Amino acid sequence: MTGETNLTTLLKNMTPVLNEGDYVYCTVSSLQSIDPDDILGLFKEAEGFTVILKKEIADQLQLEYSYIAAWITLTIHSSLAATGLTAAFATALAHEGVSCNVVAAYYHDHIFVAKADADRAMDALKKLSI
């Protein structure tokens, strides 16, 4: 099943949803102490593993973080081959002074913004989809 590639359709139907909770990015050299079911996102870099976790999990594991984020999901099934969607929403957020960290998964795009910017980000994304 392939996702949507038409930018106009993607923007019109992206329907952003603000997920409950606080999320953090942590870096670890090993994943041994982290339950795989607790990992929201994972990327291996030369310096170590970057993991995205619920803040309370990171706190329980005594992991360091410097950024507390809100997690927004664009609920449309966007194709990994679609062009322009990330640029469009990143530009809309930048115009509002909101930085974003994007994770493109198979079905949806996920946007992490500073927790304090969550409402402004949601407003900007909703305006973009009108």
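Begin by selecting Ser78, which is found in the loop between strand 5 (68-74) and helix 3 (85-95); helices (H or I, at least four residues) and strands (E, at least two) are DSSP runs, numbered from the N terminus. This is a predicted model, in which local features need pLDDT of at least 70 and side-chain atom pairs count only at pLDDT 80 or more, while totals for chains, interfaces and linings use all residues. Residues are numbered from 1 along each chain as its sequence is written, and side-chain values use heavy atoms, with hydrogens and water left out.

With a relative accessible area of 4%, Ser78 is buried (under 20%, whereas exposed is over 50% and partly exposed lies in between, with a 1.4 Å probe and protein chains only). Show contacts next, that is, heavy atoms within 4.5 Å: leaving aside residues up to four places away in sequence, Ser78 touches Gly3, Glu4, Leu10, Leu85, Tyr106, Tyr107, His108 and Asp109.

From that list, move to Tyr107, which sits in the loop between strand 6 (101-104) and strand 7 (109-114), and which is partly exposed, with a relative accessible area of 44%.

Finally, select strand 3 (residues 39-45) and strand 4 (residues 48-54), which run antiparallel and are joined by six bridges; two strands pair if DSSP finds at least two bridges between them. These two strands form a hairpin with two residues between them, and within this pairing Leu42 has Val51 of strand 4 as its bridge partner.
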